[in-house]
Amino acid sequence: MRKSYRVKKEADFQLVFEQHHSVANKMFIVYTMAREQPTHFRLGISISKKVGLRGHERVWVKRRIRQSVLEFKPKMRSDLDILVIARPSAHDQDMAIIKKNLEHVFKLANIFVDEETK
């Protein structure tokens, strides 16, 4: 995923946290914020040391989240900043379970474009 699709700055993260709409399931918490002048969505991922003490464990989870979002990209709304926070239960899960839970929480957050409106 290109860097233009990422929320990188601390100020941007804090803005989404302050003006957020949040939903959660057992593996992820997702914060969303509508943006003005959207060209595409932006994604921020946060994984604490509670998920994995070693860095490579956290990167492993982050890569799977990014890959899942890349597969969902055609169905996603373009007017959002999205923050995904992984919970400790995401640590030892395989790709299919992570993708399934991420899709579930994205549906709860109304991140996907409705098929009827296309």
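The model is predicted. Its average pLDDT is 87, and 95% of the residues score at least 70. Four aromatic pairs turn up in a search of the whole structure. Phe72, Phe106 and Phe112 are linked by ring pairs into a cluster.

**Confidence**

- Helix α3 has the highest confidence, with a mean of 95.
- Helix α1 has the lowest, with a mean of 81.

**Strands β1 and β2**

- Strand β1 covers residues 21-24, and strand β2 covers residues 28-34.
- The two strands run antiparallel and are joined by four bridges.
- Serine 22 has tyrosine 31 of β2 as its bridge partner.

**Aromatic cluster**

- The search of the whole structure gives four aromatic pairs. One of them is formed by phenylalanine 72 and phenylalanine 106, in an edge-to-face arrangement.
- For phenylalanine 72 and phenylalanine 106, the distance is 6.2 Å centre to centre, with 65 degrees between the planes.
- This pair links distant parts of the chain. Phenylalanine 72 belongs to helix α2 (residues 55-72), while phenylalanine 106 belongs to helix α3 (residues 95-108). They are 34 residues apart.
- Phenylalanine 72 and phenylalanine 106 are both buried.
- Phenylalanine 106 also pairs with phenylalanine 112. Their ring centres are 6.0 Å apart and their planes stand at 70 degrees, so this pair is edge-to-face. The angle qualifies because edge-to-face applies to planes over 60 degrees apart.
- Phenylalanine 112 is buried, as is phenylalanine 106.
- Together, these ring pairs tie Phe72, Phe106 and Phe112 into a cluster.

**A lysine over a ring**

- Which residue lies over the face of phenylalanine 112? Lysine 75 does, at 4.7 Å from the ring centre.

**Glutamate 10**

- Glutamate 10 is part of helix α1, which covers residues 10-18.
- Is glutamate 10 buried or exposed? Its relative accessibility is 56%, so glutamate 10 counts as exposed. The cut-off for exposed is over 50%.
- Glutamate 10 and arginine 66 are 56 residues apart along the chain. Their C-alpha atoms are separated by 19 Å.

Note on methods
Residues are numbered from 1 along each chain as its sequence is written. This is a predicted model: local features need pLDDT of at least 70, side-chain atom pairs count only at pLDDT 80 or more; totals for chains, interfaces and linings use all residues. Side-chain values use heavy atoms; hydrogens and water are left out. Buried means under 20% relative accessible area, exposed over 50%, partly exposed in between (1.4 Å probe, protein chains only). Two strands pair if DSSP finds at least two bridges between them. Rings of Phe, Tyr and Trp (its six-membered ring) pair if their centres lie within 6.5 Å; planes under 30 degrees apart count as stacked, over 60 as edge-to-face and the rest as tilted. A charge sits over a ring if NZ of Lys or CZ of Arg is within 6 Å of the ring centre and within 35 degrees of the ring normal. pLDDT is the predictor's confidence in each residue, from 0 to 100.
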